[in-house]
Amino acid sequence: MAGKYDLLSEQGLRLDGRRPHELRRIKCKLGVFEQPDGSAYLEQGNTKVLAAVYGPHQAKGNQTESVINCQYSQATFSTAERKNRPRGDRKSLEFKMYLQQALSAAIKSELYPRSQIDIYVEVLQDDGANYAVALNAATLALIDAGICLNEFIVACTASLSKSNIPLTDISQFEEVSGGPKLTVAALPTAEKIAFLEMSERFHIDHLETVIETAMAGCREIRDILEAAVKEHLLHMGSASDFAKVG
Amino acid sequence: MQTLREFTRKTKRGNILKIVREHYLRDDIGCGSELCRECFQNEVYQLTSQHANQSTLFKFPHYLVLDTNVVLDQIDVLEEDVLRNVVVLTTVLNEVKHRSSSIYKRFNEIVHDRTRNFYVFVNEHHKETYADREPDETANDRNDRAIRLATKWYDDHLQASQSSKEFERSGKAAMRVVLLTDDAANRAKAEAEGILVTTAAEYVKSLEDFPLLMDKLSHKTFDNEKNGLPQYPPHLSMKELLEGLRQNKLLQGPFQASRENYLEGSVSVEKFEKAILIQGRESLNRAVDGDLVAVELLPESEWSAPSEIVLEEKNVYADEVPSEEKAKDEYDMLKQVRAAASSAERTPTGRIVGIVRRKWRQYCGILQPSLIEDTNRHIFVPADRKIPRIRIETRQAAKLQNQRIIVTIDTWPRNSRYPHGHFVRSLGPLGDTATENEVILLEHDVPHCKFSDEVLSFLPKMPWTITDQDYSKRVDLRDLFICSVDPPGCTDIDDALHCRELPNGNLEVGVHIADVSHFIRPGNALDMEAAARGTTVYLVGKRIDMVPELLSSNLCSLVGGVERFAFSCVWEVDNEANVLSKRFHKSVIKSKRAMTYEEAQSIIDDATQQNEIAKSLRHLNRLAKILKKRRMDNGALVLASPEIRFQVDSETHEPLEVEVKQMRETNSMVEEFMLLANITVAEHIATEFSECAVLRRHPRPPPTNFDPLVKSARYQGFQVNIESGLELSHSLDKCVKADNPYFNTMIRILTTRCMMQAVYFISGSLQKDEFFHYGLAAPIYTHFTSPIRRYSDIMVHRLLAASIGADSTYAQLLDRKSNEELCHNLNYRHKMAQYAGRASVALNTHLFFRGKEEDEEGYVLFVRKNALQVLIPKYGLEGTLYLKTDKDGKDGLERVKSEIVFTFNEEDHTQRCGDVVFHSFDPVTVRLSLDSSNVQHEKLIFRLVKPYIKGFSVETTSKGTEGQAVAAAPPSKKSKKDKKKK
């Protein structure tokens with residue numbers, strides 16, 4: 001299957017018309033639900049994710065540390081073929097672990113001893129890079145819940161075209177028709193990588209440039225999310241003269 | 001510069017899925033024209049005002065936009081360096097890619113040629129030119145609309161740029177855009193929308209500077225045949241075909257035309273072990289060799305057997321309608337065949353009902369002389385007998401009459417006996433060695449153009465010297481007595497050997513292979529070219545190199561007395577040739593002497609020579625014999641194939657003498673050590689790279705392959721055991737006849753023909769027990785020893801170098817998929833190179849016999865229904881001795897036809913005529929002469945001399961006169977015919 005198409009045309013455009021370094025269009029909204037303590041909706045191209053955060057609340061058992069509990073699930077209607085996905089399938093469990101791993105690097109857990117933070121992520125539409133979009137949505141939901149973070153934790157994917165040009169933010173079509181995929185979750189300002197995953201092996205010569213591309217994508221996404229958070233705050237604050245403080 | 005508009009596109013596939021994809025439309029795609037002042041241009045302008053197309057139809061400067069059908073049909077016109085300033089829309093590019101990958105490849109080459117000013121415009125992602133598919137609109141209609149939309153946009157866009165006052169003052173005519181389309185509907189719509197539009201044919205006609213371009217136009221219709229009667233049943237539509245295939249009513253497979261009988265062919269279908277037979281013009285139904293066809297199986301009562309008859313198409317002239325009588329002949333033939341076919345040998349027979357995919361390519365051949373002067377319509381006779389004649393139109397028939405030309409097929413309508421095509425180019429005068437070689441290379445798809453400047457730019461700069469750094473990285477073996485042994489006249493020496501005694505009484509043997517991978521770095525143009533060529537092709541008197549000559553004959557060639565880089569494989573062996581240890585390293589060597597096999601042999605045999613080289617050679621020879629014996633005991637096969645060498649005149653390139661390749665002890669000595677090196681390296685790289693090592697395997701042939709061999713041997717009273725390689729080898733050894741010394745060789749030749757092709761593969765793609773090399777009886781094998789002439793060896797060198805840390809790896813080296821593709825190409829090139837080599841030998845055999853007549857000893861290899869297959873060991877030549885002639889009568893033999901009757905006995909495969917019986921392997925004497933009556937297919941004629949059959953054999957006693965008389969017969973007949981025609 002791999003190598004069926006070249007991911008980058010000779011005119012320098014990708015299959016969906018983007019240039020190599022371009023992200024898909026990002027739309028997001030914070031505070032979409034009232035029940036949870038924080039929530040967010042994020043679209044990256046056609047990948048659409050909903051995230052909700054409960055907590056911090058009292059942890060069960062005799063925990064002294066803080067507990068970060070994630071749940072990842074994909075809606076039955078999220079893919080072209082409608083499959084019933086129970087929550088416990090392998091992929092969901094794997095993504096859940098990865099989410100916990102990446103988020104615990106961002107959350108200032110020392111502030112929440114003996115507490116638990118629950119993060120629920122639901123993929124409504126799957127068009128590639130699910131994990132990255134889920135993590136970005138979770139970040140927004142955590143911010144909406146007012147949980148202290150070291151900084152924005154964002155994720156971005158990257159791949160490599162046949163002509164060895166790195167590509168940012170891989171869509172589903174590129175995932176199935178092309179080369180290896182690399183997912184990076186990072187703290188962009190600190191330039192720390194919290195999580196790294198490869199679907200296939202990259203040659204060592206290219207790995208560095210691909211990681212750098214994914215990092216650049218992370219920085220760009222961070223800027224977009226940050227702008228969205230500010231926008232949201234202005235909107236919220238305008239009700240209580242908060243905007244004027246600015 | 002990313003637009004925020006988003007479109008979705010829905011496609012259906014498989015079990016009907018709705019697939020939604022994003023489709024970004026951009027505003028940063030340039031139009032590529034130098035006139036434009038608006039677009040964001042990130043490239044050099046491709047569309048200029050120079051090299052304008054001079055058309056009488058549009059007498060102002062214009063750019064061209066091509067419709068998909070123009071690219072698909074008129075690729076030969078486009079390949080001529082005439083049309084310039086062409087806008088290529090991605091819609092068109094994608095459609096072409098989808099419809100024909102070969103045309104796409106050719107078109108891409110044109111597009112990449114910067115001097116042609118073709119500009120690819122990404123109209124699909126341009127926000128102004130994107131056409132969303134409307135409800136109820138077919139994909140085709142949408143594409144047509146997209147093309148019109150883009151053309152219109154271009155025209156308007158350029159108008160806007162040229163409307164400035166400054167421009168008006170310059171007084172130049174404004175640049176316009178013209179759409180070329182052969183689709184009438186699209187043309188009408190374009191006209192309605194105010195687009196300048198015309199057909200490809202009209203446009204080419206309007207180019208007055210290039211009148212000959214007309215010949216290259218592809219014609220879909222020939223005027224006078226529109227009302228001709230259909231001669232073939234119609235093909236099913238694609239929809240019906242797919243439906244039929246799905247319901248298993250139809251079968252699909254590649255069509256293979258018979259080389260011997262133009263009314264017969266076969267289709268190999270997955271489900272059937274035997275290929276499905278197709279007989280008769282209507283059943284063949286316009287299929288051309290190679291096409292993917294759909295077949296309907298006939299009821300079992302109508303099944304037939306292969307005719308075993310050699311039937312050639314008679315000359316038919318362009319304006320002649322095939323008479324019904326002639327057609328009747330064909331049916332008679334078929335009836336006979338069907339009646340004669342005993343139920344036992346009937347094979348599944350079918351008829352072709354549709355073509356799934358055409359595999360038409362370009363064909364070499366000649367024009368058939370036309371009866372009418374000044375006609376434009378001609379018949380083209382392809383060199384490949386499997387291809388039907390092709391009807392073409394050309395204005396330059398007189399010029400092309402004695403030339404080899406290339407023609408391609410455009411269409412094959414129902415009412416035309418032959419397909420229609422058009423002239424592509426001329427290769428050169430007929431019979432010219434260069435032209436004939438070109439034909440061989442083209443017919444076998446051998447890339448043979450000169451190396452491009454880009455490729456040559458990656459060669460090392462001369463004068464080339466070895467630096468201290470090189471010495472420090474390599475093991476210095478310059479002091480060893482290394483020598484090379486090759487055939488005479490070899491300039492690409494890629495292997496050298498040494499052997500020396502070690503203090504502990506053991507021997508050290510080294511095989512040193514030219515270090516080509518040092519010079520060819522992965523991924524550059526030189527490497528890509530070598531990978532595409534795959535192998536060096538050897539024709540008689542000509543070599544088509546895989547790598548440029550500087551490398552093949554100079555820097556890489558391990559010539560005597562010069563320091564060269566090598567990749568060495570060194571073993572320590574004891575005196576019984578058991579390998580005790582091995583090591584690989586890159587080295588610098590200085591071959592002491594480059595010898596021929598003959599020279600090496602005489603040094604070994606001459607006991608007075610006691611120098612280091614002689615000692616070394618004797619050790620090697622002794623070890624090789626042990627190795628060979630061990631290999632034979634393991635079940636390696638000794639195969640034979642008649643191989644000959646031509647002594648070619650260095651000036652005229654005409655063959656002077658033929659000799660059968662001789663095998664000396666030294667040949668086998670070198671071979672043994674190469675095998676040892678290959679096996680050692682194969683083991684090493686397979687362990688180091690279990691997923692991506694390039695190896696070579698030779699599959700065990702299925703038992704049915706051996707049937708002809710086992711049968712033939714049985715008639716002679718020998719039992720050939722095919723259970724295993726070892727048993728086969730033993731039973732072959734036993735096939736010896738005291739009265740027929742050549743018998744064993746013939747049996748081995750037959751065995752060779754039962755074998756499968758050895759192929760390259762990637763270790764990760766197969767299970768370990770499938771790595772086996774049947775012929776060599778080796779569990780694992782690869783090619784390491786000839787990197788100058790095989791690309792596989794370069795790959796193996798790189799893998800080996802990476803594994804010992806002598807060189808760095810790179811992404812593709814370890815990528816299983818790209819290696820698999822590479823192997824696929826290498827296998828194909830390798831096969832084609834072999835075929836081309838054989839074709840070249842055949843060509844030179846013909847040249848050799850031109851104007852000669854010789855009596856030669858030969859042997860019957862097979863007995864056929866109407867012929868004997870005869871092998872002449874002296875020339876390694878095989879040919880057919882016809883026993884019955886068809887109605888036209890060939891070679892003036894029809895006069896004897898009535899008197900001499902041969903009876904074919906199917907039981908024991910013999911031909912009997914009176915007292916004389918022909919068995920397989922019987923010795924015969926035949927007279928060889930060349931029949932040049934068909935200029936394109938000169939063929940060797942075999943005529944029986946001994947055993948003598950009165951009225952059939954050529955007289956031996958009056959060789960001089962009779963021979964001449966017979967030889968003179970065909971030309972005289974031909975001249976009579978010629979007169980009649982005039």
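**Entry 1. Conventions**

I took axes as lines fitted to C-alpha atoms, for helices over the stretch in contact, with angles running from 0 to 180 degrees between N-to-C directions. Helices (H or I, at least four residues) and strands (E, at least two) are DSSP runs numbered from the N terminus. I worked on a predicted model, in which local features need pLDDT of at least 70, side-chain atom pairs count only at pLDDT 80 or more, and totals for chains, interfaces and linings use all residues. Residues are numbered from 1 along each chain as its sequence is written, and chains are lettered from A and ligands numbered from 1 in the order in which they are written.

**Entry 2. Helix α2 of chain A against α4**

I looked up α2(A) and helix α4 (residues 204-237) of chain A, whose axes come within 11 Å and cross at roughly 30°. That angle makes α2(A) roughly parallel to α4(A); angles under 35 degrees count as roughly parallel, over 145 as roughly antiparallel, 65 to 115 as roughly perpendicular and the rest as oblique. The crossing is right-handed; the term applies if the near helix is turned clockwise from the far one by less than a right angle, and left-handed applies if anticlockwise.

From α2(A), the residues in contact are A:N136, A:T139, A:L140 and A:I143, and from α4(A) they are A:I221, A:L225 and A:V229. I counted two residues as in contact if their C-beta atoms, placed from the backbone, lie within 7 Å. By class, this contact has five nonpolar, two polar and no charged residues. Ala, Val, Leu, Ile, Met, Phe, Trp, Tyr, Cys and Pro count as nonpolar, Asp, Glu, Lys and Arg as charged, and the others, Gly among them, as polar.

**Entry 3. Helix α1 of chain A against α2**

I next took helix α1 (residues 90-106) of chain A with helix α2 (residues 130-144) of chain A; their axes come within 11 Å and cross at roughly 45°. α1(A) is therefore oblique to α2(A). I noted a right-handed crossing for α1(A) and α2(A). α1(A) contributes A:F95, A:Y98, A:L99, A:A102 and A:L103, and α2(A) contributes A:Y131, A:A134, A:L135 and A:A138. The classes are nine nonpolar, no polar and no charged.

**Entry 4. The sheet of chain A**

I found an open sheet of four antiparallel strands in the order β7-β6-β8-β9 (chain A). Its edge strands, β7 (166-168) and β9 (192-198) of chain A, each pair on one side only. Strands pair here if DSSP finds at least two bridges between them. From one strand to the next the twist averages 25°.

Strand β6 (residues 154-160) of chain A is joined to β7(A) by three bridges in the antiparallel sense, and A:A158 stands opposite A:T168 in β7(A). α2(A) touches β6 and β8 of chain A, at about 160° to the direction of β6(A).

**Entry 5. The sheet of chain B**

I traced an open sheet of five strands in chain B, in the order β33-β32-β31-β37-β38, with antiparallel pairing. β33 (877-882) and β38 of chain B each have a single partner strand, so one side of each lacks a neighbour in the sheet. The twist averages 45° from one strand to the next.

Strand β32 (residues 867-872) of chain B is joined to β33(B) by six bridges, with B:L868 opposite B:L881 in β33(B). Helix α26 (residues 816-849) of chain B packs on this sheet, touching β33, β37 and β38 of chain B, and makes about 85° with the direction of β37(B). Strand β31 (residues 853-863) and strand β37 (residues 923-931) of chain B share seven bridges, and B:D855 stands opposite B:R927 in β37(B). Strand β38 (residues 939-946) of chain B also pairs with β37(B) over seven bridges, where B:L928 faces B:F942.

**Entry 6. Chain contact and confidence**

How many residues does each chain give to the contact? Chain A gives 19 residues and chain B gives 19 residues. On the chain A side I noted four nonpolar, eight polar and seven charged residues. The predictor gives the complex an ipTM of 0.89 and a pTM of 0.67.

The pLDDT is below 50 over residues 318-325 of chain B, a stretch with 10 contacts beyond near neighbours in sequence.

Terms used: pLDDT is the predictor's confidence in each residue, from 0 to 100.
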